[in-house]
Amino acid sequence: AAPPHPPATPPRRAVGPARCPRRRAMESEEAVAEALLASLDVAAYEPEVVGVILEQMHRSARTLLSDARDLAAHRGSDQIEPRDVRKVDALAAEDGYSARPLPSREATLERAKIVNSAPLTLADGHGVLLPADERGKLSSRGYALEGGAPGGGDA
């Protein structure tokens, strides 16, 4: 019997889990989530926890980058710069919407001591005036209305 003829084209390599770029990226992301759990000394967890962590990471990154893209567009650029991402993160932290942890109990008590040292004054006998400074605001940043209507006069 004659030996079989070699194929005209080389055989294609099978694309399995080790060769699929998307699969490698997922394994890499899972490794990051597992490293995060290990850094927090979490040894026992359900496998779904890794998926939940990855979902939260993606959601946070998507929100942050979407807001940074809007900020870049507002300043007239098509390109997101690191300052855009930092500014969006700082604004989110000031608004209390950031994933950053809350201030420590000690820091909160220290701020309370400063704010509570100032006496409250009566406002025309119908309540009290709260301090207007920014030092005592823990959960959101204050805002101020800017005067001036489009016609040049005050509203």
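**View 1. Confidence and overall layout of the predicted chain.** In this predicted model, confidence is lowest in strand β2 (residues 128-129), with a mean pLDDT of 69, and highest in helix α2 (residues 48-74), where the mean is 91; pLDDT is the predictor's confidence in each residue, from 0 to 100. For the chain, the mean pLDDT is 75, and 62% of the residues reach 70 or more. Four helices and two strands are present, arranged along the sequence as α-α-α-α-β-β, where helices (H or I, at least four residues) and strands (E, at least two) are DSSP runs numbered from the N terminus. Residues are numbered from 1 along each chain as its sequence is written, and side-chain values use heavy atoms, with hydrogens and water left out. Because the model is predicted, local features need pLDDT of at least 70 and side-chain atom pairs count only at pLDDT 80 or more, whereas totals for chains, interfaces and linings use all residues.

**View 2. Surface and contacts of the chain.** Of the 155 residues, 7% count as buried, a class that requires under 20% relative accessible area, while exposed means over 50% and partly exposed lies in between (1.4 Å probe, protein chains only). The chain exposes about 13,200 Å², of which carbon and sulfur atoms supply 58%; accessible areas come from the Shrake-Rupley method with a 1.4 Å probe, and for residues only the protein chains shown count as cover. Among contacts with a separation of 6 or more, 25% are between residues 24 or more positions apart, a contact being heavy atoms within 4.5 Å.

**View 3. Helix α2 and the residue that follows its end.** The end C-alpha atoms of α2 are 39 Å apart, which agrees with the 39 Å that its 27 residues should span at 1.5 Å a residue, since the expected span of a helix is 1.5 Å times one less than its number of residues. Within α2, the buried residues include V50, I53, L54, A68 and A72. Just after α2, G76 takes a positive phi of about 90°.

View 4. In soluble globular proteins, nonpolar side chains tend to be buried together. When neighbours within four places in sequence are left aside, L54 is in contact with E29, E30 and A33.

**View 5. E29 and H58, a pair between helices α1 and α2.** E29 has its place in helix α1 and counts as partly exposed, because its relative accessibility is 25%. H58 lies in helix α2 and is likewise partly exposed, at 36% relative accessibility. The side chains of H58 and E29 make a polar contact at 3.3 Å, the term standing for a pair of N or O atoms within 3.5 Å; within protein, one must be able to donate a hydrogen and the other to accept it, and residues adjacent in sequence count only if both atoms are side-chain atoms. Not counting residues up to four places away in sequence, E29 touches L54 and H58. E29 and G51, although 22 residues apart in sequence, are 9.6 Å apart in space, C-alpha to C-alpha.

**View 6. D41 in the loop between α1 and α2.** D41 is found in the loop between α1 and α2, and has a positive phi of about 60° although it is not a glycine. With a relative accessible area of 72%, D41 is exposed.

View 7. D84 is found in helix α3 (residues 82-95) and counts as buried, because its relative accessible area is 2%. The side chain of D84 makes a polar contact with the side chain of R75 at 2.8 Å.

View 8. The side chain of S117 reaches the backbone oxygen of I114 at 2.6 Å.
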